[in-house]
Amino acid sequence: MAKPVSIEVWNPNGKYRVISTKPMPGTRWINLLIEQDCRVEICTEKKTILSVEDIISLIGNKCDGVIGQLTEDWGETLFAALSRAGGKAFSNMAVGYNNVDVNAANKYGVAVGNTPGVLTETTAELAASLSLAAARRIVEADEFMRAGLYDGWLPHLFVGNLLKGQTVGVIGAGRIGSAYARMMVEGFKMNLIYYDLYQSTRLEKFVTAYGEFLKSNGEQPVHWKRASSMDEVLREADVISLHPVLDKTTYHLINKESLATMKKEAILVNCSRGPVIDEVALVEHLKQNPMFRVGLDVFEDEPFMKPGLAEMKNAVIVPHIASASKWTREGMATLAALNVLGKIKGYPIWGDSNRVEPFLNESVPPPAACPSIVNAKALGLPVSKL
Ligand SMILES: NC(=O)c1ccc[n+]([C@@H]2O[C@H](COP(=O)([O-])OP(=O)(O)OC[C@H]3O[C@@H](n4cnc5c(N)ncnc54)[C@H](O)[C@@H]3O)[C@@H](O)[C@H]2O)c1
Ligand SMILES: O=C(O)[C@H](O)CO
């Protein structure tokens, strides 16, 4: 028998039982569910990561849908439990869904939602922040000041890398990778080299147009290049930012060999998923190459770090906060709730999951659609004509 898990209940007499495995920012998501006759149960357990047993206990005997988190293991066991309880909808409060076994969800006919679009710029901004913090040694310098070590200006004090005119490399130029590339090209006048399985025509057009603008202004233009291999990016770029999905093809994409390919003074940033980097190899590389720097938002065995990483002065490390702006987190909660609500109400799937603004406009009711369901095709769900 699983131990009961503490909850907070909203609208106890609601017809549909929807569970959120965590309190989420804002109240709009709760109000939208209540307005549509949902009883909302929010898990208030103090521990950060819920176990499969905790979530089974939350689901109970009757549950129409669950809003969950990327820290949870949504596989066969949980989808079977949700299906037994009559549930047909699950949504991650995240765009990444490598914690979800979509095949298992398909087997039980459960729709799986995610939250693209609302976190693109926020996440790209953190990747840009980490790039700058690493290039200009901001965390090291901050620690130095607080330790009372500053006794006057010196020509060699915390000398870092200038970004202007250098090359930024992007691996995975999807929504976030492209937004980051634009920030670095436009903000710091960097040239771009990118590697993705698909061509990013819009990004290429942007860099071309910006390069022409700079030239017409009498300034050094910027250029872009689509690399034919990831190694080409690693060899040529001064700052490399990782933005692919995590799957079998991207696990340990950055390993001992690929690290050795990079410039000795390169900067590597990861705001995708921890296992994209072999973290043991990275720690060794940081030790051997003190001028090589990293900015990490994600870790291979989150919430833990591999031994040695915390001691490395050439690493800037933050706890998976790339999407942590108020607007984005409230929007993620709203999109996740509307994914679950839409499936419960039998709504169709929104036609373009990258354009979710209509769901985020608080002054009008959201469209009668699920904003983003990743297995819509596999489940044969209809697409909205709105
Ligand atoms: N740190 C955070 O808080 C945070 C926030 C948001 C997203 N993320 C992560 O970022 C990922 C990307 O998000 P997105 O919205 O940009 O997704 P996206 O689907 O728009 O972009 C991913 C890109 O990766 C490319 N890709 C896939 N396999 C590849 C490979 N083997 N080599 C090179 N490129 C490859 C895809 O073609 C695609 O263009 C998410 O899946 C998530 O894991 C992390
Ligand atoms: O995938 C995601 O959305 C992040 O990791 C959290 O915002």
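These legends describe close-up views of a predicted model.

**View 1. Two domains of the protein chain, as given by the domain assignment.** Domain 1 comes in two segments, 7-114 and 346-379. Domain 2 covers 120-317. Their centres, taken over C-alpha atoms, are separated by 34 Å. Seven residues of domain 1 and five residues of domain 2 make up the contact.

**View 2. The buried area between domain 1 and domain 2.** Together the two domains bury about 520 Å². Carbon and sulfur atoms account for 44% of that area. On the domain 1 side, the residues that lose the most area to domain 2 are Val-95, Asn-98 and Asn-354. These three residues carry 60% of what that side buries.

**View 3. Polar contacts and residue types at the domain interface.** Two residue pairs are in polar contact across the interface of domain 1 and domain 2. Both pairs have pLDDT 80 or more. The count of salt bridges across this interface is zero. On the side of domain 1 that touches domain 2, three residues are nonpolar, three are polar and one is charged.

**View 4. Spans annotated in UniProt.** An unreviewed UniProt entry lists residues 35-346 as "domain: D-isomer specific 2-hydroxyacid dehydrogenase catalytic". The C-alpha atoms at the ends of residues 35-346 lie 16 Å apart. For residues 130-322, the end C-alpha atoms are 10 Å apart. That span is 35% helix and 15% strand.

**View 5. A cis peptide bond at Pro-303.** The bond runs from Glu-302 to Pro-303. Its omega is near 10°. Pro-303 sits in the loop that links strand 12 (293-296) to strand 13 (315-317).

**View 6. A positive phi at Asp-37.** Asp-37 is not a glycine, yet its phi is about 70°. The residue belongs to the loop between helix 1 (28-35) and strand 3 (38-43).

Key:
Residues numbered from 1 in each chain as written. Chains lettered and ligands numbered in written order. Predicted model: local features only at pLDDT ≥ 70, side-chain atom pairs only at ≥ 80, totals over all residues. Heavy atoms only, no water. Domains from an automatic or database assignment. Contact = heavy atoms within 4.5 Å. Buried area = accessible area lost by both parts, 1.4 Å probe. Salt bridge = Lys/Arg side-chain N within 4 Å of Asp/Glu carboxyl O. Polar contact = N/O pair within 3.5 Å; in protein donor to acceptor, adjacent residues only side chain to side chain. Nonpolar A, V, L, I, M, F, W, Y, C, P; charged D, E, K, R; others polar. UniProt positions renumbered as here; feature names shortened; annotations may be inferred. Helix = DSSP H or I, 4+ residues; strand = E, 2+ residues; numbered from the N terminus.
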